[in-house]
Every structure is written in structure tokens, then in C-alpha cells.
Amino acid sequence: MAAIWTLSFYLVWPACLALTPPAELPHPHNLPPELGLNRSDGSLSVDLPLALRVFSVDYHHVQAPFEIVLWIMLASLAKLGFHWSGRVPAVVPESCLLIMVGLLVGGVIYGVRHSAPPTLSADAFFLFLLPPIVLDAGYFLPGRLFFENLGTILWYAVLGTLWNVLGIGLSLYGVCLLAPDSLGDLSLLHCLLFGSLIAAVDPVAVLSVFQEMHVNDQLHILVFGESLLNDAVTVVLYKLFESFLRLPSVSGLDVFLGGCRVVVVGLGGLFVGLFFGLVAALTSRFTSRAQVIAPLFVFLYSYLSYLTSEMLHLSGIMAIVTCAVTMKQYVEANVSERSNTSIQYFLKMWSSVSETLIFIFLGVSTIQDVHMWSWPFVCSTLLLCLVWRASGVLLLTAVVNKLRRNTVTFRDQFIIAYGGLRGAICFSLVFLIDDFPKKRLFITTTIVVILFTVFVQGMTIKPLVELLDVKRKKRALPTVSEEIHSRLIDHLLAGIEDVVGYWGQHYWKDKFEQFNRKYLRRFLIREDNQASSSILRVYQELERREQRGDEEAPSIVDPRSHSRPLLPEEMDSIRRILSRNLQNFNNKQTPAYSRHTLHQDANRDRVRKSLHRHQSLGERYTFTQVEEAEFSGSHRARKGLSRSHTVCSISPLAVLQEPSVPAASARTTILTSSPAAREEQSAAQHQTSVGGATKKQLSFVLENEKQQ
């Protein structure tokens with residue numbers, strides 16, 4: 001806390017120096033004696049000092065970077081103090097404590113300067129602080145879970161956002177009509193504009209709470225994916241209503257064009273991100289001789305996709321998420337393990353600093369003189385945000401559960417509805433509104449909604465999860481066996497869907513994997529980095545996942561084992577041995593085939609002998625199939641073996657030992673369906689044994705295919 005107070009002083013003192021009134025600045029006529037007038041016309045001219053200065057202060061030269069470093073230092077120390085504060089993290093979320101630190105710093109600045117503290121500008125938020133957070137979320141997005149629940153996520157993000165925006169906007173317009181004295185000057189478009197910004201669910205606030213609770217994967221991906229795509233939809237709707245406000249009148253054609261614009265903005269951002277993601281993957285293919293700069297391309301292409309989308313008035317959030325998801329698997333295969341580690345840690349550090357700065361500036365920006373209070377408007381907005389989100393989640397889930405195999409339970413629905421936390425997205429959007437008489441009311445209401453959702457809902461959602469006994473996340477990392485069985489099930493389900501003619505998610509996933517393996521991986525990944533074995537790729541993916549620590553909790557270790565930890569050299573040796581053995585094992589086996597690439601049989605031109613089998617168990621008949629076989633010492637090699645044709649016969653070794661038994665009768669297989677016939681067969685075989693001296697052995701022998 002002493003360090004935080006010290007940094008607060010350093011933040012207040014430069015701000016006071018920066019706002020020195022012009023009257024207090026030194027006038028040229030009041031210069032020191034060593035600085036005089038040296039021009040003949042009497043004009044002012046400042047000479048250099050007569051003596052050399054040993055010490056001087058020039059704060060204005062370093063003001064901007066100095067204050068930025070101080071703010072980042074304050075945010076980092078606040079985050080560090082939070083994690084060393086004992087039991088506080090178990091009760092208070094990190095976002096709440098950071099906002100409280102911001103309120104404290106803002107109050108100190110306001111008390112010293114007697115003016116509003118600096119606020120977080122919308123440009124600084126959308127251009128510098130938001131992209132690292134979205135890039136981190138997209139790069140470490142669990143792809144399997146996200147695409148399996150993509151339909152439900154889009155259902156919540158698109159239709160749910162439209163439901164909230166229209167419901168809150170129209171309801172607030174009704175409140176304004178009921179209170180014409182104080183709210184009569186608010187139009188319908190103003191209410192819809194405010195509804196579009198207040199419906200933005202902030203992924204920063206949601207992630208900071210849900211990552212601490214370790215909820216189950218399905219619930220986490222639904223809330224996270226909905227909040228991530230919800231921002232893209234709300235920003236597009238906000239800009240649409242803002243354009244409507246600037247028009248003299250809005251016609252039906254304008255509404256139609258506005259709907260087309262929403263589609264173009266979303267799809268345009270998607271294609272921009274896809275293009276830059278493929279370019280980044282292709283660039284990383286040629287970084288083998290300059291691995292030091294390989295991580296730089298990940299950040300540059302991602303940020304360039306965001307800036308390009310913003311320049312073209314497209315969805316920057318959609319662009320940077322698509323770029324991160326597209327390039328991840330190819331970049332990880334091209335760059336070295338050290339470069340992968342650098343990418344992961346830099347993204348986590350960058351996003352963590354951005355989140356901390358956002359929450360601190362939320363608290364600082366609350367202390368200002370632009371507030372306007374209206375009890376009907378503020379209370380109605382707070383109530384309507386809760387009601388419309390809860391009703392939207394219940395109605396949309398009732399529809400989507402009819403199409404899902406794993407339905408969303410009522411407990412999960414409650415957490416989804418209760419987890420709609422607001423944050424910096426709506427706070428930055430409200431400052432972008434053009435000046436009009438009720439703008440200060442919108443700012444005050446937005447701050448109240450943010451503080452209520454972060455403090456009240458954010459602090460009570462964890463006890464509610466424990467009270468409702470919501471399913472938690474699996475703490476241990478998946479094993480190679482689990483991943484292989486999971487892929488086997490996916491392959492079987494894709495085959496079943498193909499057989500029955502149903503084009504489901506497994507069918508399209510299998511089609512994409514085939515296209516990716518056949519074209520994209522060959523073009524975007526270096527040949528020396530393409531793993532020849534799919535098992536080896538699974539092992540490498542699990543190893544990278546363990547290194548970057550996707551799971552917060554460590555793997556389960558038996559406390560009774562007291563073996564020493566392995567050295568890094570031993571771990572590297574084990575990895576090399578395992579990788580080499582997996583490759584050798586894969587090369588020794590028969591080439592695997594799938595339904596796309598069937599194994600070509602070398603003997604496909606040969607005509608197979610038909611296998612006669614009994615038709616039913618009820619029919620009582622005996623069919624005898626006799627096949628001549630030659631058993632000579634060195635000529636027992638079988639050609640054209642068929643795994644599907646096996647018979648139960650007497651061992652050839654026993655036949656060779658008993659010359660009295662004919663070879664043809666020894667290879668005779670009697671297929672019968674009645675117990676009496678089987679008994680007669682056993683008695684006949686018993687009679688052919690000579691004195692019982694030699695014992696006959698039964699074995700399964702592969703039947704030779706007879707050549708034509």
C-alpha cells in the first residue's frame with residue numbers, strides 16, 4: 001500500500017505541474033539577470049546562460065511517457081497487492097478491487113487539483129487497450145468447444161443482443177413518455193442508441209470473474225463466446241443508430257440499408273481477419289533462419305487486421321478474433337518452442353496490463369463533474385437490463401435446447417443471465433455520443449450500471465455458483481489416450497452422418513480436416529515440421545498445452561510418492577525417445593486408411609472363392625466344405641491371406657505326426673447347426689486318434705485363397 005500511495009503522489013504532482021496557469025509562467029520581462037535583451041531594435045532574444053548548470057529539470061520533455069509508465073506501474077502494483085492480500089481474492093473479484101483503487105486515485109487527484117481527473121479516451125481504449133485483450137482471447141480460444149457450440153453462441157450473441165437492444169430502448173422510451181417533465185426531450189433514436197451501448201456485455205469483466213471460478217467448459221465457452229461476439233454486434237448497432245441520428249429523417253429504405261450494413265460489417269471483418277491470418281501463417285513458414293522475429297509477425301498481422309477493419313468501418317473485433325484463430329495452428333507448427341513460449345507469455349502480459357488499466361481508469365473516470373441524476377431513468381435502466389437479459393436467455397435457450405444433444409440446464413441459464421457484466425465497452429461508447437442536453441444523464445446511468453454489475457453481481461456470482469452446485473471444470477490435463485479416443489469417436493460420428501445422409505457438425509468438421517490436411521497444411525507449414533504421425537501431433541499439442549498452463553490447477557500427483565523431480569536434460573531425452581518410437585511404430589504398421597483414402601489391395605484382380613455359410617440356425621442340415629492343403633517344410637508361406645476368412649481346424653503339426661490320418665480329412669471342416677451332428681463329428685475325430693498317444697491341437701488358421 002505504501003508503494004501505491006507513493007505512485008499516487010507521483011501521479012498527482014506531474015498533473016498539477018502540467019496544469020500551471022499561463023499567468024504564473026515566467027514572462028520574458030521577468031527573466032533572470034543573466035538572460036537579457038541583445039538586439040538593437042529592442043526585440044526579445046533569450047541568450048544562453050552565462051554559467052553551466054549542474055542540475056536542471058525538464059518535465060515537459062518526458063511528460064507523456066513518464067505518466068504512462070507511472071499509470072502502468074500503479075496498475076501492476078495494485079494487481080500484485082491483490083494477489084498477496086490473503087483471503088481478499090476469495091471474496092472480492094480482482095476487477096472490483098482495481099476499480100476501488102481507481103476511485104481512490106481519482107479522489108486524491110480531484111482533491112489536490114480541484115478539477116476532474118484525466119479520463120480514458122475512447123480512441124485510447126479502442127485502438128490500444130482493447131486489441132490485446134481480444135487477441136489473447138482469440139489466440140487461446142478452445143477451438144473444439146467453440147465450434148461445437150458455435151450455433152448456440154451465435155444464437156445468443158446476435159438474436160440475444162437484438163432482443164436486449166430493442167427491449168431496453170423501447171422500454172426506456174416508454175419511461176420517458178411517462179415522465180415528460182424531466183425526460184420529455186429524449187427521442188426514440190436516443191433511447192435505442194443508449195440501449196445499444198448499455199447492452200454490451202464486457203468480456204474483460206466476464207473473463208476476470210469466470211476464470212477465478214473454474215466453471216465447466218460448456219458454460220464458460222457459452223458466456224465467453226457470447227460476450228466476445230456481443231461486443232461486435234453492439235458496436236455495429238451503436239454506429240448504425242448514430243448514423244440514423246445524423247439523418248434529417250429515417251425512412252424504410254434507410255432501415256433496410258442499415259440491416260444490410262450490419263451484415264456487411266460483420267462478414268467484412270470476418271474475411272479481413274481470415275486474409276491476414278493466412279498471410280501470417282504463410283510468413284511464419286519462412287522464419288526458420290530468423291526465429292527471433294517470428295513472434296513479432298503474430299502481433300503485427302493481428303493488429304494490422306484490427307486497424308484495417310476500423311479503417312474500412314468494419315468489425316475490428318471480428319477481424320482480430322478470426323485472424324488469431326486462423327493462424328494459431330500453423331504458426332505453432334512453424335516456429336520453435338521458445339518462440340511459442342514468447343508469444344504466449346507476451347500475449348498474457350499484454351492483455352493483463354490492459355485489463356488492469358481499464359478497470360483502474362473506470363474508477364478514476366467516475367470522479368468528475370459531468371454527472372446528472374434522474375431516479376426514474378437510472379432505476380428503470382438498471383431493472384430493465386436485468387429483466388430483458390433474463391427473459392432473453394430463457395426464451396432463446398428453450399428454443400435451442402430442442403436442437404442440442406447436451407442441453408443447457410436451468411442452473412447454467414441462471415448463471416448466463418446473471419453473468420451479463422458491463423464494463424469498459426459501454427463506458428467508452430457513451431463518451432462518443434455527440435453532445436446533446438441529456439448526454440451527462442447517459443454517462444451517469446452507464447457508470448451506475450457498471451458499478452452495480454461489477455460489484456453486486458460480480459461479488460455474488462461465485463457464492464451462487466457454489467450454492468447451485470454448478471458443474472466445475474475438469475482440473476487434470478487430458479491424456480494422449482483420451483485425445484485419441486475422442487478423435488476416434490469424432491471419426492465414427494462423421495461416418496455415421498455420411499451414411500445416413502445427415503450433414504451435421506461432425507460431417508463438416510471431417511470435410512474441413514480433409515481439406516486442411518490435403519491443401520492448407522502442405523502450403524502453410526514447412527515440410528520438415530509436418531508430423532508424419534497423427535499420434536505424434538496429438539502428443540505435441542498436449543505438450544504445448546501443458547507448457548503454457550491452460551489449466552489453472554496443476555496435474556494430480558500422488559502425495560505418497562517421494563521420487564526426485566526429473567532434470568530438464570532427462571525430460572528432453574524422454575521426449576526425443578517417445579517421438580522417435582512413435583514415428584518408428586507408425587512406419588512399421590500397415591498403412592491406415594479412412595473412408596476418404598481406401599487402402600489399395602495388391603490382389604484386387606484375383607477372384608475370391610465364395611465362402612458358403614449356413615443360412616439360419618433353425619435349418620437342420622450339414623454342409624461339408626473340403627479344401628486341399630499342402631504342408632511342406634519350407635513352402636508354408638501363405639499368399640493372398642484374407643483376415644475375414646478363418647476356420648477352426650486340426651493343427652497341421654498333429655496331421656504330419658499321424659501318417660494314418662489323411663491330409664484331406666484333417667483339413668475337413670464340418671459346418672453344422674445341430675448338436676447331434678456336432679457330437680457325431682467329435683466321435684469320428686476321437687476314433688481317428690491312434691491310442692490317444694498324441695494330442696490333437698486346435699488352432700485358428702488363415703485360409704488360403706485359391707488362385708484361379
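Which residue forms a salt bridge with R144, the closest N and O atoms being 3.4 Å apart? The partner is E148, and this pair opens our tour of a predicted model.

**View 1. R144 and its salt-bridge partners.** E148 and R144 both sit in helix α6 (residues 143-148), 4 residues apart, so about one helical turn separates them. R144 also forms a salt bridge with D490, and here the closest N and O atoms are 2.6 Å apart. Because D490 belongs to helix α20 (residues 480-500) and R144 to helix α6, this pair ties together parts that are 346 residues apart in sequence. R144 is partly exposed, at 39% relative accessible area, and E148 is partly exposed too, at 32%. D490, at 12%, counts as buried. Take a moment to find K509 as well: R144, E148, D490 and K509 are linked in a network of salt bridges.

View 2. The structure holds 10 salt bridges, and one of them joins K239 to E310, with the closest N and O atoms 3.8 Å apart. The two residues come from distant parts of the chain, K239 from helix α11 (residues 217-246) and E310 from helix α13 (residues 294-311), 71 residues apart. K239 is partly exposed at 29% relative accessibility, and E310 is partly exposed at 27%.

View 3. In the pair shown here, the rings of W163 and W388 have centres 5.4 Å apart and planes at 65°, so the arrangement is edge-to-face. W163 lies in helix α7 and W388 in helix α16 (residues 375-400), so the contact ties together parts that are 225 residues apart in sequence.

View 4. W503 is exposed, with a relative accessible area of 57%, whereas Y507 is buried at 10%. For another aromatic group, look for F194, F377, F436 and F442, which ring pairs link into a cluster.

**View 5. A lysine over an aromatic ring.** K348 lies over the face of F140, at 4.5 Å from the ring centre.

View 6. L154, V158, L159, L162, L166, L170 and L188 make a nonpolar surface patch of about 530 Å². Helix α7 (residues 150-178) supplies the largest share of the patch, 6 residues.

View 7. A search of the whole structure finds 0 disulfides.

**View 8. Residues D123 and L432.** D123 is found in helix α5 (residues 122-139) and is exposed, at 53% relative accessibility. D123 and L432 are 309 residues apart in sequence, and their C-alpha atoms are 9.3 Å apart in space.

Technical notes
Residues are numbered from 1 along each chain as its sequence is written. This is a predicted model: local features need pLDDT of at least 70, side-chain atom pairs count only at pLDDT 80 or more; totals for chains, interfaces and linings use all residues. Side-chain values use heavy atoms; hydrogens and water are left out. Patches are made of residues with over 30% relative accessible area and no salt bridge: like charges are joined within 9 Å, nonpolar side chains (Val, Leu, Ile, Met, Phe, Trp, Tyr) within 5 Å. Accessible areas come from the Shrake-Rupley method with a 1.4 Å probe; for residues, only the protein chains shown count as cover. A salt bridge is a side-chain nitrogen of Lys or Arg within 4 Å of a carboxyl oxygen of Asp or Glu. Rings of Phe, Tyr and Trp (its six-membered ring) pair if their centres lie within 6.5 Å; planes under 30 degrees apart count as stacked, over 60 as edge-to-face and the rest as tilted. Buried means under 20% relative accessible area, exposed over 50%, partly exposed in between (1.4 Å probe, protein chains only). A charge sits over a ring if NZ of Lys or CZ of Arg is within 6 Å of the ring centre and within 35 degrees of the ring normal. A disulfide is a pair of cysteine sulfur atoms within 2.5 Å.
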